Amino acid sequence: MLEEIYNKTNIDMTAFIKRLEIELSINEIKDEEKKKLASEQLVCSIYDTMIIILDTTHQEKVPEGLYTTWIRMIKDYWYLNKYDKQFVKNADVDSNENSNVKIKSIQLGDITTTFADTSSQIDINGTTYNTGTIDFDEDILVEKYKKDLYRHRKMRW
């Protein structure tokens, strides 16, 4: 898979992967087996986002002008698929069942508290998406980065 990624861009992928490993905190994983799995999943994420970029732009190779866009897409893809929780977050931390519950409203008179269930929402770097409205992996990334990707789009006949 790495060889195909190298062939589909002129970007220095060694530096690209190292940058992502630092930004996604993969280098900080203590367990070597988990670190290896996270690195393999990173390559898969790079490949998946590369396919999305190539399908959207109709290019043969990912243009160098999409370097930062590609980085941001991979990071969003990583968080969207919760790989950060799977690999990077400490497994010893107890998961709270109510972690998706936020307070919707509080009324003081008779002390009423209403909770909003956010289990059908996903948060990617501060932007909240409803999970039922769009197809996660591809559509969120294409919609979010459409402006950047369309700048490099090639006409297709």
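Helices and strands are DSSP runs, numbered from the N terminus: a helix has at least four residues and a strand at least two. In this predicted model, the protein chain follows the pattern α-α-α-α-α-β-β-β-β-α-α along its sequence. That comes to seven helices and four strands.

Some totals describe the chain as a whole. Of its 157 residues, 32% count as buried. The protein chain exposes about 10300 Å², and carbon and sulfur atoms supply 47% of this area. Among contacts between residues at least 6 apart in sequence, 63% join residues at least 24 apart.

Which residues of helix 2 are buried? They are Met13, Phe16, Ile17, Leu20 and Glu21. These residues lie on the same side of helix 2, because they cover an arc of only 135° around the axis. An α-helix has 3.6 residues a turn, so residues three or four places apart point the same way. On the other side of helix 2, Lys18 and Ile22 are exposed.

| Helix | Residues |
|---|---|
| Helix 2 | 13-23 |

At its start, a side-chain oxygen of Asp12 reaches to within 3.3 Å of the backbone nitrogen of Thr14. After helix 2 comes Ser25, which has a positive phi, near 60°.

Technical notes. Residues numbered from 1 in each chain as written. Predicted model: local features only at pLDDT ≥ 70, side-chain atom pairs only at ≥ 80, totals over all residues. Heavy atoms only, no water. Buried < 20%, exposed > 50% of the residue type's maximum accessible area, 1.4 Å probe, protein only. Arc of directions from axis to C-beta. Polar contact = N/O pair within 3.5 Å; in protein donor to acceptor, adjacent residues only side chain to side chain. Contact = heavy atoms within 4.5 Å. Areas by Shrake-Rupley, 256 points an atom, 1.4 Å probe, with all protein chains shown as cover.
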